[in-house]
Each structure stands twice: as C-alpha cells, then as structure tokens.
Amino acid sequence: MTRGNGFKLQQGSFHRKECNAALSALGILFNTGAGQHILKNPLVVNSIVEKAALRRTDVILEVGPGTGNLTVKMLEKVKKVIACEIDPRLVGELQKRVQGTCLANKLEIKVGDILKTDLPFFDACVANLPYQISSPFVFKLLLHRPFFRCAILMFQREFALRLVAKPGTKLYCRLSINTQLLARVDHLMKVGKNNFRPPPKVESSVVRIEPKNPPPPINFQEWDGLVRIAFVRKNKTLSAAFKSSAVEQLLDHNYRIHCSLHNTEIPENFKIAQKIQTVLKNTGYSEKRARSMDIDDFIRLLHGFNSEGIHFS
C-alpha cells in the first residue's frame, strides 16, 4: 500500500534525493517526497482489515493502493474495491497482481488526484494517506454525501493525535474540534516506521472515523469561520482574538450585507468592534480561550453571534 500514491503536490518541494530513496523488489523507485511508502508487514495489513469490520456486500474506497498488499486482502472479503491511484507505474503493478484471478472483476481502479475527483458511492474507506493531503482529504470525506459507514485511515502519528485531542490538551486545535463536530474519532493503533518500505521519517497511527448521521444542524462554513478566528491564537482570550483589524473588517462587511438583506437600518455611529465585544460578554465567553472550549461552547457562541446578525461566511 502506498502512502500518497504520488499525488500531484508541489513538485518543486520534492528533493531529488528523497524521490529516489528506495528501490523495491519490483524495481520501482518510490517517490517518498510524494509520500510513497509501501506497507510491507502482513500483520499490520491483517489488523487494518480486521478493524475495518468489512462485510461481503461492501464497496470499499481505497486511496493509495500501491502494489496492492491491502487491496488483495480486502478483495477477498468484499463485493468491490474502488482503488484511487495517481502513479501509472503502481496502477500497472496492481493490475498485474490481480490479472487472471477471481479477484480481478471485483477491482475498479481510478487514476487521478483524489482531491480533484468526485468521490464515488462507497460503504467504507481504507486509506494510507500521504501526509500532505491528510487534512483536506478528511474534510472531503466528512462532507461527502451519501453517508458512508466508517473510514480506517493511516496518518502521521501527530496528525492522528490531533484528530482525537480533547479540550485543554496540548494538541487540541481547530482540526480536533472540526473533525469531532462531524464524526466520532478513535485512535486504533500505532504503526512504527519500520513496517514500511522505504521507512518514513515519522511514526504513524491508524484512526477510525465514523460520520455523525444525521449531522449536527450547523452550517459548517459558518462554524469553521468562527473556529478559525478563535484558534489563530488558541491561548488568547476571545476578547483579544476578535480585536484583530482583519477580523473586524470581515465581520463588519458580513454584518452590513445581513442588514441590507433584512432591511435593517445601521446607526451612523455603529462600530462592529463594540457589537462583537458585547456578544462575547453577553454569552460569557469574553475571557475564555479556544484551547479549553468544547463543541457545545462554540455552538452557543455561534448562536450568540448569529442572533445579533453577525455571520462568518
């Protein structure tokens, strides 16, 4: 299984030395700068398949099939695997691996950049992602409809720990609260670097993500706009965080649009800064810090702003 499959990222950032770091037994040069690391330990592969709790009727989305170590194990257990790969060399190896077997007609390969591709229908997703696309892929998944049952994803260890971090802990951040708003997230297991060929520079973890269905009745763009401001400096009080001139300009612009749409007159001496601080004070969050606020806190704060005509998207 390939971490990242050679997804088209910023080519200029790849170091030539990294791009030719290892030669596999297949004679393929793996592009480690693009996140290509084959998961070689069959025990880890079997454990991932077991934790995915696959069903005979499942359609599985796999990102980064690589040479097919995980793909083949899943094909034995499910109705279909849709494997997304961008590297034509690895597509060829995967095709050769199942060619002439009873598994071949259960495999569909999509060639291209997963971030630029509309996701197909699937029941579960299993992916060993390139570190560079971890965050955008997670939210592409969580905003995908129709709902899928779960995702079993391999990430860089620190990224995985941020996903599951709780309020008040060091790693708690915007990623943590946004993911946990939309899904239940569980850390399943650690995977050491020596389980890959070539080994990556950092340790990895496998995480299970289960979308909340039905989703919370919240406009995610609104929510993320608020959370983004609060977590720019998560140790600052919200009163201080909202005094940024850029934040005040954005919210003033949005407020004027809101008033225009609702035929609400704006007083000549109106100052958005005063209105923002009034909302923070009235909701009781003026002296709170994002690092210690949970989902319910942000829902209440968002409602407080919205009820006063202040919007974040």
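In which sense do E7 and E8 pair, and over how many bridges? In this predicted model, for which local features require pLDDT of at least 70 and side-chain atom pairs count only at pLDDT 80 or more, totals for chains, interfaces and linings use all residues. Residues are numbered from 1 along each chain as its sequence is written, and side-chain values use heavy atoms, with hydrogens and water left out. E7 and E8 pair in the parallel sense over 5 bridges, where pairing requires that DSSP finds at least two bridges between two strands. Within this pair, Ala 124 has Cys 150 of E8 as its bridge partner.

The protein contains 12 helices and 11 strands; these are DSSP runs numbered from the N terminus, with helices (H or I) of at least four residues and strands (E) of at least two. Of the 313 residues, 51% are buried. Among contacts between residues at least 6 apart in sequence, 71% join residues at least 24 apart, a contact being defined by heavy atoms within 4.5 Å.

In soluble globular proteins, nonpolar side chains tend to be buried together.

Setting aside residues up to four places away in sequence, the contacts of Ile 209 include Val 138, Leu 142, Leu 163 and Val 185. With the same exclusion, Thr 179 touches Val 138, Phe 139, Leu 142, Leu 163 and Val 185. Thr 179 is located in helix H7 (residues 174-182) and is buried, at a relative accessible area of 0%.

E5 pairs with E4 in the parallel sense over 5 bridges, and Val 63 stands opposite Cys 84 in E5. Strand E8 (residues 150-156) is mostly covered, with 6 of its 7 residues buried.

UniProt, in an unreviewed entry, places the feature "binding site" at His 37, Leu 39, Gly 64, Glu 85, Asp 113 and Asn 128; such positions follow the numbering used here, feature names are shortened, and annotations may be inferred rather than shown by experiment. Among these positions, Gly 64 occupies the loop between strand E4 (59-63) and helix H3 (69-75), whereas Asn 128 belongs to strand E7 (residues 124-128). Gly 64 counts as buried because its relative accessibility is 0%. Asn 128 likewise counts as buried, at 0% relative accessibility.

Leu 103, in the loop between helix H4 (88-98) and strand E6 (107-111), counts as buried at 13% relative accessibility. Leu 103 and Leu 75 are 28 residues apart in sequence and 6.2 Å apart in space, C-alpha to C-alpha. By contrast, Ile 266, in the loop between helix H10 (245-261) and helix H11 (272-283), counts as partly exposed at 23% relative accessibility.

Backbone geometry was also examined. Most residues other than glycine have a negative phi, and most peptide bonds are trans. A cis peptide bond joins Arg 197 and Pro 198, with omega about -10 degrees, and another cis bond runs from Asn 213 to Pro 214, with omega near 10 degrees. Pro 214 lies in the loop between E11 and H8. Ala 53, although not a glycine, has a positive phi of about 50 degrees and is partly exposed, with a relative accessible area of 47%. Asn 263 also has a positive phi, near 50 degrees, and is exposed, at a relative accessible area of 74%.

Technical notes
Buried < 20%, exposed > 50% of the residue type's maximum accessible area, 1.4 Å probe, protein only.
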